[in-house]
Amino acid sequence: MSPKTFIFIGRSGSGKGTQVKILVERLEAAQQKLPILHLETGARFRDFIKGDTYSNKLAAHIAETGRRQPDFLAVWNWAHVLIEEMTGKEHLIVDGMPRSYEEALVFDSSITFYGREKPVVVYIDVSREWSRERLKERSVKEGRPDDMAPETIERRLGWFDTDVYPAVKYFASHPGYQFVHVNGEQSIEKVTADIFEKISW
């Protein structure tokens with residue numbers, strides 16, 4: 001199996017992380033095993049805002065109010081990982097980004113730079129209402145501080161529509177990517193089946 005690239009995009013609470021875990025398990029079970037570089041940008045941001053630097057504290061305030069992190073910080077969040085860890089021999093799985101059209105353009109330039117062929121973009125599509133309910137459940141079960149306040153949840157839901165969705169449309173129309181549109185308002189098993197059926201793998 002040659003190195004594959006998968007990008008998972010969807011609203012908060014759409015189940016991206018769950019589907020990524022399933023994909024990782026299948027890749028690890030493949031006959032020709034390759035290393036996996038998993039970029040989970042949300043987790044990296046949650047670690048970043050725990051720091052004590054001026055930048056850490058500014059980013060923490062943005063997270064607390066439910067606003068989107070600036071593009072320069074988002075790009076730094078994943079670009080330095082690619083620069084330091086990419087060997088060209090691994091599967092690349094990206095979870096939760098790009099979060100804006102501008103970030104999508106920068107990410108596309110990295111795909112070109114590393115010569116990654118026909119990345120698969122999996123868009124797990126759920127409604128604003130579905131996402132809101134999942135975030136409320138997650139705030140109770142996992143105690144994520146960025147999911148707790150209703151006004152914070154509404155801001156996050158809002159910037160998906162205004163900022164992230166243009167990135168989704170960019171990949172949907174880009175001939176260099178395989179765009180997979182999946183209904184996320186189904187059982188985990190059905191979402192998984194739809195993804196693997198559409199990528200024919």
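Biologist: Is Phe 8 buried or exposed?
Modeller: The model is a predicted one, and within it Phe 8 is found in strand 1, which runs over residues 5-10. Buried is the word for residues under 20% relative accessible area. Phe 8 has a relative accessibility of 2%, and therefore it counts as buried.

Biologist: How far apart are the C-alpha atoms of Phe 8 and Gln 19?
Modeller: Phe 8 belongs to strand 1, and Gln 19 is eleven residues away from Phe 8 along the chain. The separation of their C-alpha atoms is 8.6 Å.

Biologist: Which residues line the largest cavity, and which helix gives the largest share of that lining?
Modeller: The count comes to one cavity of 30 Å³ or more, and the volume of the largest cavity is about 30 Å³. Its lining is made up of Thr 41, Phe 45, Ala 74, Asn 77, Trp 78, Gly 96, Met 97, Arg 99 and Glu 103. Two elements, helix 2 (41-48) and helix 4 (71-85), each give two or more residues to this lining. The largest share is three residues, and these come from helix 4.

Biologist: Where does helix 4 bend, and by what angle?
Modeller: Helix 4 has 15 residues and reaches 21 Å from its first C-alpha to its last, which is close to the 21 Å expected at 1.5 Å a residue. Its buried residues are Leu 73, Ala 74, Val 75, Asn 77, Trp 78, Ala 79, Val 81 and Leu 82. One of these buried residues, Asn 77, is also in the lining of the largest cavity. The bend in helix 4 lies at Asn 77 and is about 25°.

Biologist: Which peptide bond is cis, and what is its omega?
Modeller: Most residues other than glycine have a negative phi, and most peptide bonds are trans. Pro 98 is found in the loop between strand 3 (91-95) and helix 5. The peptide bond that leads from Met 97 to Pro 98 is cis, with omega near 5°.

Biologist: What is the phi of Lys 118?
Modeller: Lys 118 is found in the loop between helix 5 and strand 4 (120-125), where its relative accessibility of 47% makes it count as partly exposed. Although Lys 118 is not a glycine, its phi is positive, at about 40°.

Biologist: Why does the span of helix 7 agree with its number of residues, and where does its kink lie?
Modeller: Helix 7 has 23 residues, 150-172, which should span 33 Å at 1.5 Å a residue, and the span agrees because its end C-alpha atoms are 31 Å apart. Among its buried residues are Trp 159, Phe 160, Val 164 and Tyr 170. The kink, of about 45°, lies shortly before the proline Pro 166, at Val 164.

Biologist: Is Tyr 177 buried or exposed?
Modeller: Tyr 177 is found in the loop between helix 7 and strand 5 (178-183). Its relative accessible area is 5%, and so Tyr 177 is buried.

How values were computed. Residues numbered from 1 in each chain as written. Predicted model: local features only at pLDDT ≥ 70, side-chain atom pairs only at ≥ 80, totals over all residues. Heavy atoms only, no water. Helix = DSSP H or I, 4+ residues; strand = E, 2+ residues; numbered from the N terminus. Expected span 1.5 Å × (residues − 1). Bend = angle between axes of the 7 residues up to and from the residue. Buried < 20%, exposed > 50% of the residue type's maximum accessible area, 1.4 Å probe, protein only. 1 Å grid on protein atoms, 1.4 Å probe; cavity = no way out; pocket = protein on both sides within 12 Å on 5 of 7 lines; lining within 4 Å. Points joined across faces, edges and corners; volume = space filled by probe spheres on them.
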